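Biologist: I am new to this structure, and I would like to learn how its features are read. Could you take me through them one at a time?

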Amino acid sequence: MLAVTDLRAAYGRIQILNGISFAVAEREFVGILGHNGMGKTTLLKALIGAVRATGGHVQFEGRDVTALPAHRRARLGIGYVPQGREIFPTLSVLENLRMATAATGASDAEVIEPVLEDFPRLKALLDRPGGALSGGEQQLLALARCLCGRPRLILLDEPTEGIQPSIIEEIVERLTMLRDRRGLTVVLVEQNLDFIRALSQRVLIIQKGRIIQELTPERLADATVVSEFIGVSA
């Protein structure tokens, strides 16, 4: 589904991605781990088109999308849930969902109602401003809003940051269900080891803007491995 070849990106003269290559199959969940500042978020932004690639290629479902802007990639089926969620705090939950639905040209009944079936916790919150939700509820809203764009691939950046454990478990359950029910594919940047182990079929280690190793989720239980690659204890 996704093929990344020698991808490079920079902020001005500061090179961040230094030739990243990997592929993701349909319905696969791939995790990305690394120390802070190694290029994880830049990688996701380069995949969605929010950061311009300075070299290499990104192919989605056989099409080269390297030069396409973010909105064109989104319409092709690439969704993005950024770190910090970035919902619209003054809009209601329903209005947040409608913002994402607008680009599809479909009705609320066609798009939002099925998404709410997948995220039932949001049904009682539709009239509430996004900014009044808890951090966990905002993350569920960010995921639901992304799904309203009907993506086949979702790029998730640190979805458990600042979220209570019960919601983290719910996100694992929802994403696993979406993979099984909708055939969803996910690339996940995350530092919560339990979360990434629960969801990922493979884990890629990024260091200084390069993928240096691929691990099975089970290897993240090895404290030596974790300390070497991300600098925390398992």
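This is a predicted model: local features need pLDDT of at least 70, side-chain atom pairs count only at pLDDT 80 or more; totals for chains, interfaces and linings use all residues.

Biologist: How many disulfides does the structure hold, and why?

Modeller: A disulfide is a covalent bond between the sulfur atoms of two cysteines. The structure holds zero disulfides, because the sulfur of Cys146 has its closest cysteine sulfur in Cys148, at 9.2 Å, which is too far for a bond, where the cut-off is 2.5 Å.

Biologist: Which residues are closest to the centre of the largest pocket?

Modeller: The largest pocket has a volume of about 630 Å³, and of the 22 residues that line it, Ala74, Ile78, Ala100, Cys146 and Gly149 are the closest to its centre. Two or more lining residues come from each of α2 (70-76), β6 (78-81), α3 (93-101) and α5 (135-147), and the lining as a whole divides into 14 nonpolar, four polar and four charged residues.

Biologist: Which strands are joined to β9 by bridges, and in what sense do they run?

Modeller: Strand β9 (residues 202-207) has five of its six residues buried. Strand β3 (residues 29-33) pairs with β9 in the parallel sense over four bridges, and Val30 has Arg202 of β9 as its bridge partner. Strand β10 (residues 210-215) runs antiparallel to β9, joined by five bridges, with Gln207 opposite Arg210. The two strands β9 and β10 form a hairpin with two residues between them, and in the turn Lys208 has a positive phi of about 50 degrees.

How values were computed
Residues are numbered from 1 along each chain as its sequence is written. Side-chain values use heavy atoms; hydrogens and water are left out. On a 1 Å grid over the protein atoms alone, a cavity is a set of points where a 1.4 Å probe fits but cannot get out, and a pocket is an open set with protein on both sides within 12 Å along at least five of seven lines; lining residues have an atom within 4 Å of a point. Grid points are joined across faces, edges and corners, and a volume is the space filled by probe spheres set on the points. Ala, Val, Leu, Ile, Met, Phe, Trp, Tyr, Cys and Pro count as nonpolar, Asp, Glu, Lys and Arg as charged, and the others, Gly among them, as polar. Buried means under 20% relative accessible area, exposed over 50%, partly exposed in between (1.4 Å probe, protein chains only). Two strands pair if DSSP finds at least two bridges between them.
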